[in-house]
Amino acid sequence: MKSRRFGRTGAEVSEIGFGAWAIGGSWGDVSAQDAKAALHAALDAGVSFIDTADVYGDGRSEQLIAQVLKERGGERPFVATKAGRRLSPHVASGYNNKDNLTAFVDRSLKNLEVDCLDLVQLHCPPTEVYYQQEVFAYMDDLVAAGKIRHYGVSVEKVEEALKAIEYPNVKSVQIIFNIFRQRPISLFLQEAQRRDIAVIARVPLASGLLTGKMSAQTSFAADDHRQFNRHGEAFDVGETFSGVPYEVALAAVEKIRALVPEGVPMAQFALRWILMESGISTVIPGARNVEQAQSNSAASALPPMTAEVMQALRAIYLHDIAPYVHQRW
């Protein structure tokens with residue numbers, strides 16, 4: 001497992017991390033046993049970055065992480081969590097409230113069983129929040145209080161990412177970046193590198209589409225966001241299948257399949273594409289079981305892609321996918 005520098009935090013983290021949404025909820029049933037086994041497998045494979053949130057399973061994800069790390073003794077990967085989505089309604093004024101932010105952080109401290117959180121990310125707040133400097137001042141206060149070491153943001157839009165990194169103490173940005181969501185390349189990644197901002201690539205497999213294992217007949221459980229959020233019913237539609245219409249994405253996946261080297265799982269190929277960007281600090285695919293965790297981790301060992309393959313993937317994006325997503329996020 002290769003490591004990369006995590007911006008100005010001083011940390012070195014595995015370039016393949018572990019996205020812990022699936023072990024919390026909204027991805028169908030994942031038993032605690034399978035969730036913990038997946039986490040152990042990822043850590044055994046050299047993963048040293050875990051991303052979670054207080055709303056994943058209403059704290060279940062954070063609690064499972066705490067249990068696994070306790071079982072492993074002294075090992076301490078970098079654990080990032082998020083705050084804000086517990087707000088109901090999820091509105092900007094809820095972030096511009098020091099008591100709310102403090103309560104969210106205190107709850108995560110308890111769930112993760114630590115005295116100080118490595119990284120807290122504002123969890124895809126309304127765009128308005130990025131223009132409220134008081135919110136970022138409250139995060140500075142939480143750092144000063146010793147409750148968090150660093151803070152960052154998880155964003156839906158490139159516009160939000162560019163605005164967030166104007167605040168001097170924002171250390172990281174989490175953004176959707178994959179073969180189906182390439183807009184961050186054109187401006188944001190260069191600006192983030194210039195400011196030495198850590199960048200976490202989320203939804204790297206487009207909710208599983210880029211594993212190449214889905215078809216028109218694939219069905220999803222009622223509590224899986226790939227069933228209940230296809231049109232943005234519960235949260236931003238860009239989080240589900242990267243916002244690409246399902247049938248459109250399936251057709252594009254078949255074009256991508258022709259570019260995948262023999263013997264390489266498409267999921268690893270898709271993760272390796274993300275790692276071709278030096279501005280990415282870590283990629284956080286989810287894993288519901290040991291096999292997925294091990295396969296994701298193995299992507300770090302793949303050789304770089306050729307210029308020809310990169311150009312072909314760009315052409316597929318521009319022709320088939322960009323009309324649906326490029327200007328939206």
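Visitor: Which term describes a residue under 20% relative accessible area?
Guide: A residue counts as exposed over 50% relative accessible area and as partly exposed in between. Under 20%, the term is buried. The model here is predicted.

Visitor: At 0% relative accessibility, is Phe49 buried or exposed?
Guide: The cut-off for a buried residue is under 20%. Phe49 has a relative accessibility of 0%, and Phe6 likewise has a relative accessible area of 0%. Phe49 therefore counts as buried.

Visitor: How many aromatic pairs are there?
Guide: Two rings pair if their centres lie within 6.5 Å. By this rule the count is eleven.

Visitor: What kind of aromatic pair do Phe6 and Phe49 form?
Guide: Their ring centres are 5.3 Å apart, with 40 degrees between the planes. Stacked needs under 30 degrees, and edge-to-face over 60. The Phe6 and Phe49 pair is tilted.

Visitor: How many residues apart are Phe6 and Phe49?
Guide: Phe6 lies in the loop between strand E1 (3-5) and strand E2 (12-14). Phe49 belongs to strand E4 (residues 49-51). The pair links distant parts of the chain, 43 residues apart.

Visitor: Which residue has its charged end over the ring of Tyr246?
Guide: The charged end sits 4.5 Å from the ring centre of Tyr246. The cut-off is within 6 Å. The residue is Arg230.

Visitor: How far apart are the end C-alpha atoms of helix H5 (residues 133-144)?
Guide: Helix H5 has twelve residues. At 1.5 Å a residue, the helix should span 16 Å. The distance in the model agrees with that: 17 Å.

Visitor: What arc do the buried residues of H5 cover around the axis?
Guide: The buried residues of H5 are Val135, Phe136, Met139 and Leu142. An α-helix has 3.6 residues a turn, so residues three or four places apart point the same way.

Terms used:
Residues numbered from 1 in each chain as written. Predicted model: local features only at pLDDT ≥ 70, side-chain atom pairs only at ≥ 80, totals over all residues. Heavy atoms only, no water. Phe/Tyr/Trp six-rings, centres within 6.5 Å; stacked < 30°, edge-to-face > 60°. Helix = DSSP H or I, 4+ residues; strand = E, 2+ residues; numbered from the N terminus. Buried < 20%, exposed > 50% of the residue type's maximum accessible area, 1.4 Å probe, protein only. Lys NZ or Arg CZ within 6 Å of the ring centre and 35° of its normal. Expected span 1.5 Å × (residues − 1).
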